[in-house]
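Hi there,

Here is the structure I promised to pass on. Have a look at it first, and then read on for what turned up.

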Amino acid sequence: MRIARPFINWSQRNGLFFAYLGLVLFFALSSGRFLTTSNVQVILVQISVFGIIAVPGAMLILSGYIDLSIGSLAVFVSIVFGELVVTRGMSTVWATVVVLLIGLSWGLSQGFLIARLGFSPIVVTLGSLAGARGLGEYISKGQNQYGFGPGFGELGNGQWLGIDIPVWVCAVAFVLGAYVWYQMPYGRHMTAIGSDRAVARSLGIAVKRIPLLLYGASGLAATLGGLIVTSQLDGSSLSIGVGWELQVLTGILLGGVAFTGGRGSLFGVLIGILFIGTLTNGLIVLNISPYLQNVAVGIALVFAAALDVLYQRLDRIPVADPKEEGQPRLRASLKLRRRQR
């Protein structure tokens, strides 16, 4: 059993990475168009929005919460942005500020209901999923707004140093997320909350304030993602955000973040998002039916759930050194209890 523990930890940290390399190799051998520079740029741009949203989304799941409203919020702020710019004549800069504030307020409102008042995260965010999209449809009345100008178009279509702006934004999101996750106390606090909320509260961790802020960050990320796609399309469309929840959640869970909270790696989330984006793109390059692409994503989600169950079972293998790096949520909870005493 002692020999098994290092292998388990190694597989949790690196297994998906090598699976991703195998996926890339398979598509590269199947089509000469897959590893071209233009297609790699397409993959990075396609996953950038999901990556931006996945950073606070992974932190929420690590803390034992979830946000299912990201796609609907993205389309809602896109519709509001179009109404402000085209109908109201507001500048794109001020309209961007307004919708970012709306997204932040929306996320904080969800966080208040869930973290402060104790409402169910699934129920609240499912209600937001339906409500935000419904508001967008009501405001737009089925009409899309187009033509926001070349300045706003740079957000989704511009480049800096030969790299697309959305990719830069995604990279900044992951760098900031890694700093919070690994360098600040909040990373340990989120893990503690997801492992055992009662013990975390007894240790003085802000078990209500941290999820509240994370929901605010999730609202901001979804809004930013909606604005990027609006910029790419040069228009607000009701098609924005459809299926985003499934894509982001699959990438997070595939990256090793436990659905019940308390265990996860931001590097794993990055690989998970890359895996889903590469899988979808590779199937397109091979001219596979779009319906089968959705099947592939669904299989990946089930595979992620299976891995989570496997890791939970393997985590119960006893080890000689409980301070070993990368210990699971069960041992993290026990460590918190010992510190409490």
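A word on terms before the findings: a crossing of two helices counts as right-handed if the near helix is turned clockwise from the far one by less than a right angle. Please also keep in mind that this is a predicted model.

With that term in hand, start with helix H2 (37-62) and helix H12 (residues 266-285). H2 passes H12 in a right-handed crossing. The two pack at an angle of about 145°, and their axes lie 9 Å apart. On the H2 side the contact includes Val-42, Ile-43, Ile-47, Phe-50 and Ala-54, and on the H12 side the residues include Val-269, Ile-273, Leu-274 and Val-285. Sorted by class, this contact has 11 nonpolar and six polar residues, with no charged ones. Gly-51 of H2 and Gly-277 of H12 also take part.

Now to the cavity. Searching the whole structure turns up one cavity of 30 Å³ or more, and the volume of this largest cavity is about 100 Å³. Which elements give two or more residues to its lining? They are H2 and helix H11 (244-254), and H11 supplies the largest share, four residues. Among the lining residues are Ile-53, Gly-57, Ile-61, Glu-245, Val-248, Leu-249 and Ile-252, along with Asp-67 and Ser-218. The lining divides into eight nonpolar, two polar and two charged residues.

Best wishes

How values were computed:
Residues numbered from 1 in each chain as written. Predicted model: local features only at pLDDT ≥ 70, side-chain atom pairs only at ≥ 80, totals over all residues. Heavy atoms only, no water. 1 Å grid on protein atoms, 1.4 Å probe; cavity = no way out; pocket = protein on both sides within 12 Å on 5 of 7 lines; lining within 4 Å. Points joined across faces, edges and corners; volume = space filled by probe spheres on them. Nonpolar A, V, L, I, M, F, W, Y, C, P; charged D, E, K, R; others polar. Axes fitted to C-alpha atoms, helices over the stretch in contact; angles between N-to-C directions. Contact = heavy atoms within 4.5 Å.
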